[in-house]
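Here is a short briefing to read alongside the sequence and the 3D view. Have a look at the picture, then work through the points below.

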Amino acid sequence: MLLLGLGVVGTASLLVEPVMWLFDDADFGADFSDLDGPGAVMLVSRVVHLAAVAVGVAAMLAMHPRKVAGVTG
């Protein structure tokens with residue numbers, strides 16, 4: 001449930017607005033040159049958050065909780 005909710009739905013919700021913003025206006029250079037402080041913070045925070053979600057999803061798929069905790073049996 002976490003994988004579906006966070007990995008798919010959460011990531012899609014983070015990507016929809018920026019993708020629509022990029023495809024709405026074809027002048028990328030002007031958009032990024034007009035980026036102010038709060039906009040830059042928002043952009044960086046989204047990129048870092050997406051990277052963290054990707055790492056978390058990969059960890060959920062690769063690691064087994066019992067193995068990581070050292071539980072045997």
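What follows covers the overall fold, the record annotation, and a few residues.

This is a predicted model, in which local features need pLDDT of at least 70, side-chain atom pairs count only at pLDDT 80 or more, and totals for chains, interfaces and linings use all residues. Residues are numbered from 1 along each chain as its sequence is written, and side-chain values use heavy atoms, with hydrogens and water left out. The protein chain holds four helices and zero strands.

**Overall fold and surface**

- Reading from the N terminus, the elements of the protein chain follow the order α-α-α-α; helices (H or I, at least four residues) and strands (E, at least two) are DSSP runs, numbered from the N terminus.
- The radius of gyration of the protein chain is 17 Å, whereas a compact globule of 73 residues would have one near 11 Å. This radius is taken over C-alpha atoms, and the globule rule is 2.2 Å times the number of residues to the power 0.38.
- Along its principal axes, the C-alpha trace of the protein chain covers about 60 × 20 × 15 Å.
- Of the 73 residues in the protein chain, 10% are buried. Here buried means under 20% relative accessible area, exposed means over 50%, and partly exposed lies in between (1.4 Å probe, protein chains only).
- The protein chain has an accessible surface of about 5,800 Å², and carbon and sulfur atoms account for 74% of that surface. Accessible areas come from the Shrake-Rupley method with a 1.4 Å probe, and for residues only the protein chains shown count as cover.

**What the record says**

- UniProt, in an unreviewed entry, lists residues 39-62 as "transmembrane region". UniProt positions are given in the numbering used here, feature names are shortened, and annotations may be inferred rather than shown by experiment.
- In the model, residues 39-62 are 100% helix and 0% strand, and the C-alpha atoms at the ends of this stretch are 35 Å apart.

**The salt bridge**

- The structure holds one salt bridge, a term that stands for a side-chain nitrogen of Lys or Arg within 4 Å of a carboxyl oxygen of Asp or Glu.
- Its partners are Glu17 and Arg46, whose closest N and O atoms are 3.0 Å apart. The pair links distant parts of the chain, with Glu17 in helix α1 and Arg46 in helix α3, 29 residues apart.
- Are the two partners buried or exposed? Glu17 counts as exposed because its relative accessibility is 53%, while Arg46 is buried, with a relative accessible area of 19%.

**Residues of helix α1**

- Thr11 sits in helix α1 (residues 2-24), and Thr11 counts as buried because its relative accessible area is 17%.
- Which residues does Thr11 contact, leaving aside its neighbours within four places in sequence? They are Leu6, Leu50 and Val53, where contact means heavy atoms within 4.5 Å.
- Gly10 also belongs to helix α1 and is partly exposed, with a relative accessible area of 23%. Gly10 and Leu50 are 40 residues apart in sequence, and their C-alpha atoms are 9.3 Å apart in space.
- Leu15, in helix α1, counts as partly exposed at 35% relative accessibility. Between Leu15 and Val71 there are 38 Å in space, C-alpha to C-alpha, and the two are 56 residues apart in sequence.

**A nonpolar surface patch**

- Leu2, Leu3, Leu6, Met60 and Leu61 make up a nonpolar patch on the surface, and together they have about 480 Å² of accessible area. Helices α1 and α3 (37-62) are the elements that give two or more residues to this patch.
- Patches are made of residues with over 30% relative accessible area and no salt bridge: like charges are joined within 9 Å, and nonpolar side chains (Val, Leu, Ile, Met, Phe, Trp, Tyr) within 5 Å.
- Helix α1 supplies the largest share of the nonpolar patch, three residues.
- Met60 lies in helix α3 and is partly exposed, with a relative accessible area of 35%.

**Phe32 in helix α2**

- Phe32 is found in helix α2 (residues 28-33), and at 41% relative accessibility Phe32 counts as partly exposed.
- Leaving aside neighbours within four places in sequence, Phe32 is in contact with Trp21, Leu22 and Leu43.
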